[in-house]
Amino acid sequence: MSLSIRNQLPGTVTAVTPGEAMATVRVRLAGGQDLTAAITREAAEELRLTPGTAVRALLKATEVSLATAPVEGLSIRNQLPGTVTDITAGDAMASVRVTVEGGELTAAITRDAADDLALSPGIPVVALIKATEVSLATA
């Protein structure tokens, strides 16, 4: 199966916390960072997610936000530090490639945001991803 989702990070499930309708799943990415996914309990059960399960974390580029430093006091659990490696900017939007430990992410942000943050290759950034925007896939 081919997917249009550019961001596919390999990892291993470290914990599953089932709730009434949703489950949170902690994933240790190949680069050593922890990522939290909030998925339906039914999906967690169908995927048979347990500690040790190999997964791919799938993140749409439009769901990856960028900051130029870690952000405190924020409900977004996933904050992955990285470095800008490339920017492709159009009139309205910009595609920003970010290298993180063990992989690469693409963020689709507005051109104004890229300009306001003064993003360019080599600039350190933090990728911010809500747990509800992380999908998980198994082999």
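Author: The protein chain has two helices and ten strands. This is a predicted model: local features need pLDDT of at least 70, side-chain atom pairs count only at pLDDT 80 or more, and totals for chains, interfaces and linings use all residues. Residues are numbered from 1 along each chain as its sequence is written, and side-chain values use heavy atoms, with hydrogens and water left out.

Reader: What makes a run a helix or a strand, and how are they numbered?

Author: Both are DSSP runs: H or I with at least four residues for helices, E with at least two for strands, numbered from the N terminus. In the protein chain the order is β-β-β-α-β-β-β-β-β-α-β-β.

Reader: Why does the radius of gyration agree with a compact globule?

Author: The rule, over C-alpha atoms, is 2.2 Å times the number of residues to the power 0.38. For 139 residues a compact globule would have a value near 14 Å; the protein chain has 15 Å, so the two agree.

Reader: What makes a residue buried, and what percentage of the protein chain is buried?

Author: Buried means under 20% relative accessible area, with a 1.4 Å probe and protein chains only. Of the 139 residues, 35% are buried.

Reader: Which sense do strand 7 and strand 8 pair in?

Author: Antiparallel: residues 93-100 and residues 103-110 pair over eight bridges. Pairing needs at least two bridges found by DSSP, so these strands count as paired. Methionine 93 stands opposite threonine 110.

Terms used
Buried < 20%, exposed > 50% of the residue type's maximum accessible area, 1.4 Å probe, protein only.
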